[in-house]
Amino acid sequence: MKVLIFGATGLAGGSVLKACFQAPVVDEIRSISRHAVSVHHQKLNDHIHSDFLNYSLISDIFAGIDACLFCLGISVMQVPDEAGYRKITHDFAMAAARTLKRDSPQAVFHYISGQDTQTGSRMMWARVKAETEQDLMALMPSVAWRPSVIGGDPSARTPKILKILHPVFSLLKPFPNLYVTGEDIGRAMIQATIEKIRGRVIENVEIREIANRYRQFLP
């Protein structure tokens, strides 16, 4: 399996990347990010790119891909205005999906959304994510993942308040609807690709269930 990952330098993306390193079924990982990934692995081909609305200069990276793991995102605490948040959350994802559909039409697009995402929400971020989910599924085979609290190693760009609360979040681990590790998101994405799950919204409890199915096939 060849995967393309966005946002591998973030908390969720970095954990998803680790899951791909550990997955025997994944034989090649291509990463697109603004900054170099801090880890090295024989499976990984890391590409630095700055314009997430235009991939014309690196379109060859999208060819022959089985699954795109789109973990790129921003907290509404960092970008509170709707125009800026929409550009990063919706427009970046759609630009990547359009390029993937053109160069790897058989691929599936996995998009990390968020719990409580809905079009009628009073919260701006929830409406934008819901719109992104819908637009992606209308464009190509896609899966929208709605994790609750994501466990993993905070990145340099993780908001300070989330870094402070990170040790507390791990206390939610026993509750399937409240917590999931970033690595389990990655495992679930890989398993969903194997099972050819498409056109679905997957909530936190099911993310953990799919990740557990993945473990059954490990040596």
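The following is a conversation about a predicted model, in questions and answers.

Mentor: Local features in this predicted model need pLDDT of at least 70, side-chain atom pairs count only at pLDDT 80 or more, and totals for chains, interfaces and linings use all residues. Residues are numbered from 1 along each chain as its sequence is written, and side-chain values use heavy atoms, with hydrogens and water left out.

Trainee: Why is Arg 187 called buried?

Mentor: Its relative accessible area is 15%. Buried means under 20%, exposed over 50%, and partly exposed in between, with a 1.4 Å probe and protein chains only. Arg 187 is therefore buried.

Trainee: Where is Arg 187 found?

Mentor: In helix 5, residues 182–194. Helices are DSSP runs of H or I with at least four residues, strands are runs of E with at least two, and both are numbered from the N terminus.

Trainee: What makes the pair Arg 187 and Asp 184 a polar contact?

Mentor: Their side chains are joined at 2.7 Å. A polar contact is a pair of N or O atoms within 3.5 Å; within protein, one must be able to donate a hydrogen and the other to accept it, and residues adjacent in sequence count only if both atoms are side-chain atoms.

Trainee: Why are helix 1 and helix 5 called oblique to each other?

Mentor: Their axes come within 7 Å and cross at roughly 55°. Axes are lines fitted to C-alpha atoms, for helices over the stretch in contact, and angles run from 0 to 180 degrees between N-to-C directions. Under 35 degrees counts as roughly parallel, over 145 as roughly antiparallel, 65 to 115 as roughly perpendicular, and the rest as oblique. The two helices are therefore oblique.

Trainee: Which residues of helix 5 does helix 1 meet?

Mentor: Among them are Gly 182, Ile 185 and Arg 187, and the helix 1 side includes Ser 15, Ala 19 and Gln 22. Contact means heavy atoms within 4.5 Å.

Trainee: Why do strand 3 and strand 9 stand at the edges?

Mentor: Seven strands form an open sheet with parallel pairing, in the order 3-2-1-4-5-6-9. Strand 3 (44–48) and strand 9 (200–203) each have a single partner strand, so one side of each is left without a neighbour in the sheet. Two strands pair if DSSP finds at least two bridges between them. Strand 5 and strand 6, for instance, pair over four bridges.
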